Amino acid sequence: MRHFNSRTFTSALLVLLAALPVSFAQAHHSFAVHFVAEANTEVKGVVESFRFANPHGVLSFNVTDANGVTTQWKAETNSPNILRRRGWSKDSFKPGDEVTVLGFPARDGTPFMRISKVTFADGHELIGQGAAPPAQGEAD
Amino acid sequence: MRRSSCLLLSLLSSVALAQTPDLNGFWNAQLVPAPEGQMLLDKLPPDAVFINDAGAGELGEGEYSGLQLSDEARTQVANYDFAVELTPEFACAAPSVAFYMQAPFPMEIHQDEKLIVFRMEYYDQVRLIHLDGREHPPADVPHSKSGHSVGHWEGDELVVDTTHIASGSFMNNGFNHSDNIHLTERFKLSADGQTLFLTQVTEDPDVFAGKAARYMSWRKGEGYVFPYDCDPNYSGE
C-alpha cells in the first residue's frame, strides 16, 4: 500500500508533469482505456457532420484512400465547454469542409480517435486535447 | 451598560465575519495542483493512500494507487465492461462528489454565513455546504451524487464532512465507490486569495481498506460556469 507523504506527492507531481501534455484526459469515460495516449494518427477527409454537445463532440468525416475506398471516421472532442473557451462552436464545421484531423487513435483499431488538432484547407486550426500546453488555469 | 454590551457583541460579530475567508467567485481548476498547498497536505493522515489523478491526471485500467481493494471491489472491477462507457445510457451518468471535485472544470462558489454553494460545471452538479450546525440526516435517507455536507471553520480552513453519497466512479477506470463512502475535506485560500487548495480524505470500507486522499487546487478567474447540458445521445461509436 502506498501511503501519502510529501515526498510521494512531489514524486507523483513530477511524474504527472512528465506525462503532460497527452494526459489531459479526464472525461466521462476512461481515456486511457479507449485511446492510445502515446500515439498519434492523422487522416485527411471531408466533413459529413458535427455534433457539439457534452460529454463529447463528435466529428464524422469520410476518408478516401489511394484505391478510391471511402471509410467513415469518427473523432470525438474533449468537453465542448472547454473548447468553447478556445473558440470552438457548433458551427466550427460544415458538411463538405476538407479537414486534416490529428488525434489519439482508438485502442481497438476502429476508425475512431480523440481529436488533438484539426487543420482546415485554408490553414486555420482548431486545438483539441493535449496538442498544446493550456494557458494558466485553463482546464482541458 | 446594556447598550454597550450590544455594541460590543455586534463589533465582535463583525470582526469574526471579516476574518472568515471569502471563497466567493469563479475558480479554474488547475491541471496540475499547485504545490503551495503543502500546509493542507501536511494535515493528511500519514497512513492515507494518495490518489494522484487530480486535474489532468487519470489512472489506467487496473491502477488503484496502491489501495487494498475489498473482495467485493475486486469482483466489481473484474466484471467491469468498458464498452458500456461509449453507450448513450452511460454518457450522462454524473460522477459523485468523491470524483467530480478533482475534474478539470471550473466552478463558482457562492458563500453566506450559514451556507456555501458550489456550482460545478462538470455535469451541472451543485453542492450545498451547511454551516448552521445541523447534523447529517438518518442513514436511510436517499443518497445523491453530491451527498449531504456539513461544514465549519477551523481558523481560516473550511472543514466539510459529507455522507449520503450515491455510488459512482471513484477513479474513472471501472472502480466504483459504495453508498457508504465518507468524505472529509479541508479548503484553504492562499495568502493572496487567488488560489484555493483542497484535500479530501475518503473512507469506504466496503470497497477499500484504510483511507484514501486527494489534493487539488483552483485559480481565481473571471468568467462563468457554463451549462454542461449533457446530451445522452452521445455515442463514441
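**Chains A and B of a predicted model**

Trainee: Does the radius of gyration of chain B agree or disagree with a compact globule, and what is its value?

Mentor: The structure is a predicted model. For 237 residues, a compact globule would have a radius of gyration near 18 Å. The figure for chain B agrees with this, at 19 Å.

Trainee: What box do the C-alpha atoms of chain B fill, and how many helices and strands does chain B have?

Mentor: Taken along the principal axes, the C-alpha atoms of chain B fill a box of roughly 75 × 35 × 35 Å. The secondary structure within chain B amounts to 5 helices and 10 strands.

Trainee: What share of the residues in chain B is buried, and what share of its contacts joins residues at least 24 apart?

Mentor: Of the 237 residues in chain B, 42% are buried. Contacts are counted here between residues at least 6 apart in sequence, and those joining residues at least 24 apart come to 62%.

Trainee: Why does Val49(B) count as buried?

Mentor: Val49(B) has its place in strand E2 of chain B, residues 49–50. A residue is buried if 20 or more other C-beta atoms lie within 10 Å of its own. Val49(B) therefore counts as buried, because its C-beta neighbours inside 10 Å number 22.

Trainee: Which strands pair with E7(B), and over how many bridges?

Mentor: Strand E6 of chain B, residues 148–154, pairs with E7(B) in the antiparallel sense over 7 bridges, and Ser149(B) has Thr162(B) as its bridge partner. Strand E8 of chain B, residues 182–189, also runs antiparallel to E7(B), with Arg186(B) as the bridge partner of Val159(B). The number of bridges joining E7(B) to E8(B) is 6.

Trainee: Which residue takes a positive phi in the hairpin of E6(B) and E7(B)?

Mentor: This hairpin has 2 residues between the strands. The positive phi is near 65°, and the residue that takes it is Gly155(B).

Trainee: What pattern does chain A follow along its sequence?

Mentor: Chain A has 3 helices and 6 strands, and 39% of its 140 residues are buried. Read along the sequence, the pattern is α-α-β-β-β-α-β-β-β.

Trainee: What is the average pLDDT of chain A, and where is the pLDDT below 50?

Mentor: Chain A averages a pLDDT of 81, and 74% of the residues score at least 70. The pLDDT is below 50 over residues 6–25 of chain A, a stretch with 33 contacts in the model beyond near neighbours in sequence. It is also below 50 over residues 132–140 of chain A.

How values were computed. Residues are numbered from 1 along each chain as its sequence is written. Chains are lettered from A and ligands numbered from 1 in the order in which they are written. This is a predicted model: local features need pLDDT of at least 70, side-chain atom pairs count only at pLDDT 80 or more; totals for chains, interfaces and linings use all residues. Helices (H or I, at least four residues) and strands (E, at least two) are DSSP runs, numbered from the N terminus. A residue is buried if 20 or more other C-beta atoms lie within 10 Å of its own, exposed if 12 or fewer, and partly exposed in between; C-beta atoms are placed from the backbone. Two strands pair if DSSP finds at least two bridges between them. The radius of gyration is taken over C-alpha atoms; the globule rule is 2.2 Å times the number of residues to the power 0.38. Two residues are in contact if their C-beta atoms, placed from the backbone, lie within 7 Å. pLDDT is the predictor's confidence in each residue, from 0 to 100.
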